[in-house]
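Okay, thanks for coming, everyone. I'd like to walk through the side-chain contacts in one model today, so let's get it up on the screen.

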Amino acid sequence: MTAEPTTRAVDVAGSEEIPERGRLIVEIGTTPPRTAGIFRFRGELRAYENRCAHQGGPACQGRIVSRVREDLDDRKASRGLVFDPDTMHIVCPWHGFEYDVTTGAHPGRPDFALRAFEVSESGGRVRVHL
Ligand code: FES
């Protein structure tokens, strides 16, 4: 019989430290040293290990941007590129891989994804479950 893996909840921040479309980088372990990025988008929190699936860069510390999409008119002719406010991406500062904050996956390469952690919020505190 195999034992279920256990998780431990680590209190990492106050709720007010992560505003809408904001981010907080927190330490989640010292051996080895590890950090995680916690993001709030549409009121929900997501947590990912701060390690890019490409070459290990600090992906969670990159720029936060909306996805760029092409705006089409009724005839499907392009009216140019626009930011999609319904998405939130982070851009790894090393080589520019983007990750959708909602899924943790690269939008064009779903095989590249950040490692997600469960995150919870209660009593004004945020906890990451490791
Ligand atoms: S290490 Fe993140 S894009 Fe290369």
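Let's start with a quick one: is Arg127 buried, partly exposed or exposed? Arg127 is partly exposed, at 24% relative accessibility. For those labels, buried is under 20% relative accessible area, exposed is over 50%, and partly exposed is in between, with a 1.4 Å probe and protein chains only.

Some housekeeping before I go on. This is a predicted model, so local features need pLDDT of at least 70 and side-chain atom pairs count only at pLDDT 80 or more, while totals for chains, interfaces and linings use all residues. Residues are numbered from 1 along each chain as its sequence is written, and side-chain values use heavy atoms, with hydrogens and water left out.

Side chains of opposite charge can pair when their charged atoms come close. I'm calling it a salt bridge when a side-chain nitrogen of Lys or Arg is within 4 Å of a carboxyl oxygen of Asp or Glu. Searching the whole structure gives 11 of them.

One of those has Arg127 meeting Asp11, at 3.8 Å from N to O. Asp11 sits in strand β1 (residues 9-14) and Arg127 in strand β9 (residues 125-129), so this pair ties together parts that are 116 residues apart in sequence. Strands here are DSSP runs of E, at least two residues, and helices are runs of H or I, at least four, numbered from the N terminus. Asp11 is partly exposed too, at 38%.

Next up is Arg42 with Asp86, at 3.1 Å, N to O. Arg42 is in the loop between β3 (33-41) and β4 (44-49), and Asp86 is in strand β6 (residues 78-91), so the bridge ties together parts 44 residues apart in sequence. Arg42 is exposed at 56%, and Asp86 comes out partly exposed at 48%.

Then there's Arg79 with Asp71, at 3.2 Å, N to O. Arg79 is exposed, again at 56%, and Asp71 is partly exposed at 21%. Shared partners also join Asp11, Arg125 and Arg127 into one salt-bridge network.

On to the rings. Phe, Tyr and Trp rings (for Trp, the six-membered one) pair if their centres lie within 6.5 Å; planes under 30 degrees apart are stacked, over 60 edge-to-face, and the rest tilted. That rule gives 2 aromatic pairs. Phe39 and Tyr48 make a tilted one, 6.5 Å centre to centre with 50° between the planes, and both residues are buried. Phe97 and Phe112 are edge-to-face, at 5.2 Å and 70°. Phe97 is in the loop between β6 and β7 (98-100), and Phe112 is in the loop between β7 and β8 (116-122), 15 residues apart. Both of those are buried as well.

Now have a look at His89, in strand β6. His89 is buried, at 1% relative accessibility. Leaving aside neighbours within four places in sequence, His89 has contacts (heavy atoms within 4.5 Å) with residues including Arg63, Val65, Tyr99 and Pro107.

Last stop, back to strand β6 for Leu81. What is the relative accessibility of Leu81? The value is 64%, which counts as exposed.

That's my tour, so over to you for comments.
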